[in-house]
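Please read each point beside the model.

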Amino acid sequence: MLRSNYNQEQPLIMHIDLNSCFATVEQQARPMLRGRPVAIVNRRTEHTMIVTASYEAKARGVGLGMSVIEARRLVPDLVALESDPPKYRYVYHKMMDIMRSYSAHITMKSIDEGIIDFHQTSEQIRGRPLEDIGMEIKQRLKDEIGSAMRCNVGIATNRFLAKTAAGLHKPDGLDVITHENLRQIFEGMELTDLTGIAKHNEARLNSVGIFTPLEFLDTEAEVLRKIVFKSINGDQWHQRLRGWEVDDRPHPLKTVGRQYVLESRDLTRADILKRLHHLCESVGAKFRSQDKVARGVFVYAKSYDRRYWHARRMAAAPFFSNQAIYTQASQLFEQVPEHIKEIGVTCYELSDDDDSQLSLFGDQLAQEKQITSALDEINGRYGDRSIHSADTLGTDDHVKQKIPFSNTRYL
């Protein structure tokens, strides 16, 4: 049995996962909800999907993606709350402040998950056992945010195994995975318990006789590369499982999009265009916050009879203003079919905002950039959409800003 090439260094990667983040934050903010089943939704209707649920709700069968009406059949006393982004942003930034006090090398993987790399921290921090630091972070969350806050902590030699460790004993667990207990940990797991192994990859592994994490661990890199994954991904899995770091790499921003499920069947085309305009403003603000400009616009719509329509356009010059995005999106949208229930807009072919590049296209574009930057500065200082198009008046009650779980660029 192959048991070679495990990473035997001291575990210096810590993964912190806030337990049922949004629901826990609401229980912290509203003490009467503590100990009760809570679900968070993005829209207050019985048919909306649940974004996250408290452990009390999960223990009684409530799952993510379940509609409120389905969940209430299982848990009649379920408390469904509309998401409250400012609260979650506050906790996100407090969590980052705590993490940064231990190392300058932190990465937020999502709004409720963060990684601390202790390889280059101070000697004083390096001299402390990471288990002690993990327990201290747990207590600081309670002291500095609130007594209802709990987190799982995982410690290992790479990000993958640290996340695996953080998921072993939910809620409020703390576990360490090293080369010494790696096999023992994997022995108690299923393939789909491994992050990145869903049904599709499980079927790939099963097809060559790999049915458990231990069998996965013991498979040679050549088999994983040439037969299972048929790419360098196989080599990466071989290293990842053994505790070597292969996931610490940047992911450049390539597209920015936003979608919206229409709140009513009775909206006119003009009403739908206002909501599309709102989405365009949101998308523009997002990619400008990352100092990007775009070259392409993509729009789509889904109808109630499950038809899917889309259109796209590449521009001759880079663009960045909300009006430029909406002008192109609305022109594309002229061909949209009737009876639609969902719309979306995405800007693509993003590149760095280079003034010298934009100047090639004339003074008018440079002037437009100055105006757009001034508007963004005002919205950044006084709150999102303090200034917005008059055409989108009244849409804020419907097209509400959501908090993304997996993308923290805009927080």
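1. In this note, a residue is buried under 20% relative accessible area, exposed over 50%, and partly exposed in between (1.4 Å probe, protein chains only). By that scale Asp172 is partly exposed, with a relative accessible area of 34%.

2. The model is predicted: local features need pLDDT of at least 70 and side-chain atom pairs count only at pLDDT 80 or more, while totals for chains, interfaces and linings use all residues. Residues are numbered from 1 along each chain as its sequence is written, and side-chain values use heavy atoms, with hydrogens and water left out.

3. The structure holds 23 salt bridges, each being a side-chain nitrogen of Lys or Arg within 4 Å of a carboxyl oxygen of Asp or Glu. One of them pairs Lys138 with Asp172, the closest N and O atoms being 3.0 Å apart. Lys138 lies in helix α6 (residues 130–144) and Asp172 in the loop between α7 (159–166) and β8 (174–176), so the pair ties together parts that are 34 residues apart in sequence. Helices (H or I, at least four residues) and strands (E, at least two) are DSSP runs, numbered from the N terminus. Lys138 is buried, at 8% relative accessible area.

4. Asp396 forms a salt bridge with Arg385, with the closest N and O atoms 2.6 Å apart. Salt bridges that share partners also join Glu26, Arg30, Asp84 and Lys87 into one network. Within this group, the side chains of Arg30 and Glu26 meet at 3.4 Å, N to O; Glu26 is buried at 0% relative accessible area, whereas Arg30 is partly exposed at 37%.

5. Thr24, in helix α1 (residues 21–29), is buried, with a relative accessible area of 4%.
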